[in-house]
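Please look through the sequence and the model below before reading on. The briefing that follows treats the links between side chains, and then some points of the backbone.

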Amino acid sequence: MIFCFLSRAVQLASASSLPGRQLCSASTNKPVLTLFTKKPCPLCDEAKEALEPYKRRFILQEVDITLPENSAWYHKYKHDIPVFHLNGRFLMKHHVDIQKFEDQLTKLEMHNDENH
């Protein structure tokens with residue numbers, strides 16, 4: 001069995017090229033929620049708080065858009081953070097839409113259950 005050992009540096013480095021890419025073994029079957037952020041970002045902090053009750057159901061991957069290797073994301077999202085992608089697909093921006101998030105997360109979980 002392979003376990004997930006993710007440091008923040010690995011998450012940020014991995015996220016720069018392939019957001020939503022599974023960072024852990026397939027055995028976890030958890031969706032990857034990518035947060036495009038920068039420091040400081042009070043709205044991002046609020047968004048992470050809103051997602052706290054769901055944290056066991058997904059892997060959070062943060063992408064600091066101010067890092068040089070993330071310049072494409074900076075140009076795309078500099079006025080829109082927080083921005084979230086779920087498994088590499090745009091999900092929401094500016095704030096957390098809990099209902100939308102819950103619906104999409106449940107859909108992915110059901111799909112994973114059907115395939116295993």
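**Side-chain links and backbone points**

Glutamate 52 counts as partly exposed, because its relative accessibility is 41%. The model discussed here is a predicted one, and it holds 5 salt bridges as well as 1 disulfide. The points below take up the salt bridges, then the disulfide, and then the backbone.

**Salt bridges**

- Glutamate 52 pairs with lysine 55 in a salt bridge, and the closest N and O atoms of the two residues are 2.7 Å apart.
- Lysine 55, the partner of glutamate 52, has a relative accessibility of 43% and therefore counts as partly exposed.
- Another salt bridge joins glutamate 62 to lysine 48, with 3.2 Å between the closest N and O atoms. Since glutamate 62 belongs to strand β2 (residues 59-64) and lysine 48 to helix α2 (residues 42-51), this pair ties together parts that are 14 residues apart in sequence.
- Is glutamate 62 buried or exposed? With a relative accessibility of 8%, glutamate 62 counts as buried, whereas lysine 48 is partly exposed, its relative accessible area being 23%.
- Aspartate 80 forms a salt bridge with lysine 93, and here the closest N and O atoms are 3.8 Å apart. This pair links distant parts of the chain, 13 residues apart, for aspartate 80 is in the loop between α3 (71-77) and β3 (83-86), while lysine 93 is in strand β4 (residues 89-93).
- Aspartate 80 counts as buried at 16% relative accessibility, because buried means under 20%, whereas lysine 93, at 34% relative accessibility, counts as partly exposed.
- Which residues are linked in a network of salt bridges? The network is made up of Arg57, Glu102 and Glu109.

**The disulfide**

- A disulfide is a covalent bond between the sulfur atoms of two cysteines.
- In this model, cysteine 41 and cysteine 44 form a disulfide, and their sulfur atoms lie 2.1 Å apart.
- Why is the disulfide of cysteine 41 and cysteine 44 right-handed? The disulfide is right-handed because the torsion about its S-S bond is about 70°.
- Both partners count as buried: cysteine 41 has a relative accessibility of 9%, and cysteine 44 has a relative accessibility of 1%.

**Cis peptide bonds**

- Lysine 39 and proline 40 are joined by a cis peptide bond, for which omega is about -15°. Proline 40 is found in the loop between β1 (32-37) and α2.
- The peptide bond that runs from isoleucine 81 to proline 82 is also cis, and its omega is near 0°. Proline 82 is placed in the loop between α3 and β3, and the loop between α3 (71-77) and β3 (83-86) also holds aspartate 80, described above as a salt-bridge partner of lysine 93.

**Positive phi values**

- Asparagine 87 has a phi near 50°, which is a positive value in a residue other than glycine. Asparagine 87 is in the loop between β3 and β4, and at 32% relative accessibility asparagine 87 counts as partly exposed.
- Where does histidine 94 lie? Histidine 94 is in the loop between β4 and α4 (98-114), and its phi is near 75°, again a positive value in a residue other than glycine. With a relative accessibility of 37%, histidine 94 counts as partly exposed.

Methods
Residues numbered from 1 in each chain as written. Predicted model: local features only at pLDDT ≥ 70, side-chain atom pairs only at ≥ 80, totals over all residues. Heavy atoms only, no water. Salt bridge = Lys/Arg side-chain N within 4 Å of Asp/Glu carboxyl O. Helix = DSSP H or I, 4+ residues; strand = E, 2+ residues; numbered from the N terminus. Buried < 20%, exposed > 50% of the residue type's maximum accessible area, 1.4 Å probe, protein only. Disulfide = S-S within 2.5 Å.
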